Amino acid sequence: MWDAEPPVQDSSPWDEQAEADFESTSGEVAVWSMGLGRADDVITLADSGGSWRVRVSCAGRSEAAALSGQEGTGEGVEKYLVQFWPVTA
């Protein structure tokens with residue numbers, strides 16, 4: 001969580017990076033996994049809802065896909081960096 005737009009990460013260690021608008025009615029974000037479902041913990045962005053910008057960087061997706069085709073889930077292979085900041089910043 002950032003107060004304003006964070007610096008853009010060096011793209012070399014990441015396979016993909018993308019940004020999007022995000023609306024949270026509660027000020028919280030739940031994290032879901034395709035294999036495990038909803039995580040118990042939530043990320044608190046603010047005390048109430050609002051509009052946010054989110055940037056997601058990911059690495060290891062190809063490796064994880066290859067491993068899941070061979071031996072099941074490749075735990076710890078994929079890495080994500082998720083950054084939120086308020087739209088008004």
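In the predicted model, Glu-16 stands opposite Cys-58 of strand S4, and this pair belongs to the contact between strand S1, which covers residues 16–24, and S4, two strands that pair in the antiparallel sense over nine bridges. On the other pairing, S4 is joined by eight bridges to strand S5, residues 79–86, and these two strands likewise run antiparallel; here Trp-52 has Pro-86 in S5 as its bridge partner.

Taken together, the three strands form an open sheet in the order S1-S4-S5, with antiparallel pairing. S1 and S5 are the edge strands of this sheet, each of them pairing on one side only, and from one strand to the next the twist averages 20°. In general, the strands of a sheet pair through backbone hydrogen bonds, in either a parallel or an antiparallel arrangement. Strand S4, which spans residues 50–59, is largely enclosed by the rest of the structure, because seven of its 10 residues are buried, that is, have under 20% relative accessible area.

The segment before S1 contains Trp-14. When neighbours within four places in sequence are left aside, Trp-14 is in contact with Gln-9, with Ser-57, Cys-58 and Ala-59, and with Lys-79, Tyr-80 and Leu-81. Among these contacts of Trp-14 is Cys-58, the residue of S4 that stands opposite Glu-16. Trp-14 and Gly-60, although 46 residues apart in sequence, are separated in space by 8.2 Å, C-alpha to C-alpha.

Methods:
Residues numbered from 1 in each chain as written. Predicted model: local features only at pLDDT ≥ 70, side-chain atom pairs only at ≥ 80, totals over all residues. Heavy atoms only, no water. Buried < 20%, exposed > 50% of the residue type's maximum accessible area, 1.4 Å probe, protein only. Helix = DSSP H or I, 4+ residues; strand = E, 2+ residues; numbered from the N terminus. Pairing = 2+ DSSP bridges. Contact = heavy atoms within 4.5 Å. Axes fitted to C-alpha atoms, helices over the stretch in contact; angles between N-to-C directions.
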